[in-house]
Amino acid sequence: MSEFKNVGTINYNASMKDYTSFKIGGPADILIEPSSIEELKNAIVQAKEFDLPYMILGNGSNVLVSDKGIRGVVIRLGDKFSEIEVNDCEITAMAGAKVSTVSKTALKHSLTGMEEISGIPGSVGGGVMMNAGAYGGEFKDIVKEVLAMDRDLNLISLNNEELNFRYRGSKISDDNLIVLKVVFELEKGDYEKIQNLMREVTEKRNTKQPLTLPSAGSVFKRPKGHYAAKLIEDANLKGLRHKGAQVSEKHSGFIVNIDNATAQDVMDLIGVVRKTVYDKFGVNLEREIRIIGEI
């Protein structure tokens, strides 16, 4: 087994069920959790030296890991890569910081702008990559700049315009860049108003989304002129179950892990949903969740 040095925490044969919100997935050969940019660089350099494939993972909230797991190295930018700093109306967060934690920091300092996205379950790195959004707010509205790294380990600073934000996409995803730090530009606001709006958003999520069951959030992107959840519901698929996976009874845009679902269970159910919706309405649902690992 290749021996990594100065890369942070190393876990061999790591069950990906423990690192994804879906609680699904086989083992990763090697899982590394760096706590600094230097350790991240070391991990990538050594993976290349050992001729091992590697991939970057954030909070694991928008992915489905295959049942066979992931060969090579998973470099997870999570809690160990999550420092947050506040400077006047700007919050700088490392890529692994949770969106919810950064939002609480904004509230603490009476900074407004993050209320709508405050309940997004992922990390800020993943949020930037896919321009995550909720309740009318998106990352593009509040990101000032991003420090990223390309696969040749060059550091790149990108401002909002250069990030080419669009619906569920950005230059980060286009160019396969690695987010390191995100600078959010917010505004001074009223603590109670910010708190009330965040509570309102939390209440909406709790009421409408199946937060008590493992899932990867919205399975499909919003089709032009439609809502994926409505199409799925109109196709009478709400609550449809396949083995351990189920189209959520609470929100048909979600697939939930109801009973030790496998990745194959979820994939099969996605296939049924896509085919049925296409057959009934002629709309092709595009997946929002990423499928990773050995197929």
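A residue counts as partly exposed when its relative accessible area falls between under 20% (buried) and over 50% (exposed). Arg241, with a relative accessible area of 44%, is partly exposed by that rule. The model discussed here is predicted.

**Salt bridges**

The whole structure holds 16 salt bridges.

| Pair | N to O distance | Relative accessible area |
|---|---|---|
| Glu90 and Lys144 | 2.6 Å | Glu90 21%, Lys144 32% |
| Arg166 and Asp174 | 2.4 Å | Arg166 33%, Asp174 41% |
| Asp259 and Arg241 | 3.6 Å | Asp259 44%, Arg241 44% |

Take Glu90 and Lys144, whose side chains meet in a salt bridge. Glu90 belongs to strand S7 (residues 90–94) and Lys144 to strand S11 (residues 143–149), so this pair ties together parts that are 54 residues apart in sequence. Glu90 is partly exposed. Lys144 is partly exposed too.

Asp259 forms a salt bridge with Arg241. Asp259 sits in the loop between strand S18 (254–257) and helix H7 (263–281), while Arg241 sits in strand S16 (residues 241–242), so the pair links parts that are 18 residues apart in sequence. There is also a network: salt bridges with shared partners join Glu138, Lys140, Asp141, Arg168 and Glu288.

**Second largest pocket**

The lining divides into six charged, three polar and three nonpolar residues.

**Nonpolar cores**

In soluble globular proteins, nonpolar side chains tend to be buried together. The largest nonpolar core in this model has 51 residues. Leu40 and Phe184 have the most contacts inside it. Beyond its neighbours within four places in sequence, Leu40 is in contact with Pro34, Ile56, Ile75, Leu77, Phe81, Met149, Ile178 and Leu180.

**Helix H1 and Glu39**

Glu39 lies in helix H1 (residues 37–49). Not counting residues up to four places away in sequence, Glu39 touches Asn6, Val7, Gly8 and Pro34. Pro34 is also a contact of Leu40. Phe22 is 17 residues from Glu39 along the chain, and their C-alpha atoms are separated by 28 Å.

Note on methods. Residues numbered from 1 in each chain as written. Predicted model: local features only at pLDDT ≥ 70, side-chain atom pairs only at ≥ 80, totals over all residues. Heavy atoms only, no water. Helix = DSSP H or I, 4+ residues; strand = E, 2+ residues; numbered from the N terminus. Contact = heavy atoms within 4.5 Å. Nonpolar A, V, L, I, M, F, W, Y, C, P; charged D, E, K, R; others polar. Core = buried A, V, L, I, M, F, W, Y, C linked by side-chain atoms within 4.5 Å. Buried < 20%, exposed > 50% of the residue type's maximum accessible area, 1.4 Å probe, protein only. Salt bridge = Lys/Arg side-chain N within 4 Å of Asp/Glu carboxyl O.
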